[in-house]
Amino acid sequence: MRGWWQEIADLVLPADCAGCGRPGVPLCDRCHAVLRGSGARRVLPSPVPPGLPVVHAAVDYVDEARAVLLAHKERGALRLAGPLGEALADAVRAAASGALPGVGGSPPLLLVPVPSARRAVGARGHDPARRIAFAAAGVLRRAGCPARVPAVLRQRRRVTDQSGLDARQRRENVTGALEAVPGGGRLLVAGPVVLVDDLMTTGASLAEAARAVAEAGGRVVGGAVVAAPPDSAPSGLPAPSTTSGRLRPFASGKRN
């Protein structure tokens, strides 16, 4: 497991850009702009697993975006959680467009990460999806949306490594694998739920998370991920909005 000194080193030591390798900066301006994308898009795997909510992704899982996600997830480049959280916040906003709080006192938006296996968290030294979710919630709160990241889901049985499995095998691997923690149902009824993850491929994990949340009494309004394969855009849907990845302020009941 990563030691505290490694986390401090991530923050203070110079590094090459995780996206393109440019020396002296952990994420260059160009790669940061790539993560902001041109607006979140609807994504849909093929085949669609039963129970999958409507999912939006900030960017395609290619090139610089793929490199940044892998650097954060597998190499523990923790400072990348901030820009990845900005990207995820854009996808969350698109996923929850019909359920966003509009005035002060509205229920919070609940960002529920798909939980990683304990052994994966132990090997990596952190939970990538949860860390990015916290960063995204901070972005949303600064824009006026009361967002929380409740730790409500856990694995109730072991699942095998998903790499190398096809869509059917992944669905069988995770079906029934998640459950709400004791008392999780009470937390889930506090507001609308957006399921979040760093990456969607087959959608099996998000579909299983949606089942577990619904079983515990939560109301899932959508799913949001940082990235998805470029071939997962469903045909016949409108092109993504050209917002340059920037969040418009949420109505908060205040007038400036």
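**The sheet and its surroundings**

Author: Let's start in the sheet: six bridges join β7 and β8, and the pairing is parallel. Helices (H or I, at least four residues) and strands (E, at least two) are DSSP runs, numbered from the N terminus, while two strands pair if DSSP finds at least two bridges between them. A quick caveat: this is a predicted model, where local features need pLDDT of at least 70, side-chain atom pairs count only at pLDDT 80 or more, and totals for chains, interfaces and linings use all residues. Residues are numbered from 1 along each chain as its sequence is written, and side-chain values use heavy atoms, with hydrogens and water left out.

Reader: In what order do the six strands of the open sheet come?

Author: Strands pair through backbone hydrogen bonds, either parallel or antiparallel. Here the pairing is mixed, and the order is β1-β2-β8-β7-β3-β4.

Reader: Which strands stand at the edges?

Author: An edge strand here has a single partner strand, so one side of it is left without a neighbour in the sheet. That applies to β1 (41-43) and β4.

Reader: Which residue of β7 is the bridge partner of L110?

Author: β3 pairs with β7 (residues 193-199) in the parallel sense, over four bridges. β3 is also joined to β4 (residues 147-148) by two bridges, again parallel, and there L109 partners A147. On the β7 side, L110 partners V193.

Reader: How many residues of β3 are buried?

Author: Buried means under 20% relative accessible area, exposed over 50%, partly exposed in between (1.4 Å probe, protein chains only). In a regular strand the side chains alternate between the two faces of the sheet. In β3, L109, L111 and P113 are buried on one side, and L110 and V112 on the other. For β3 (residues 109-113), the count is five of five.

Reader: Which helix lies across β3, β4, β7 and β8?

Author: Contact means heavy atoms within 4.5 Å. Axes are lines fitted to C-alpha atoms, for helices over the stretch in contact, and angles run from 0 to 180 degrees between N-to-C directions. The helix spans residues 128-142 and runs at about 165° to β3: α6.

Reader: Which residues is R219 in contact with, beyond its neighbours within four places in sequence?

Author: R219 sits in the loop between α9 (204-215) and β8 (220-228). Its C-alpha is 5.7 Å from that of V193, 26 residues apart along the chain. The contacts are P192 and V193.
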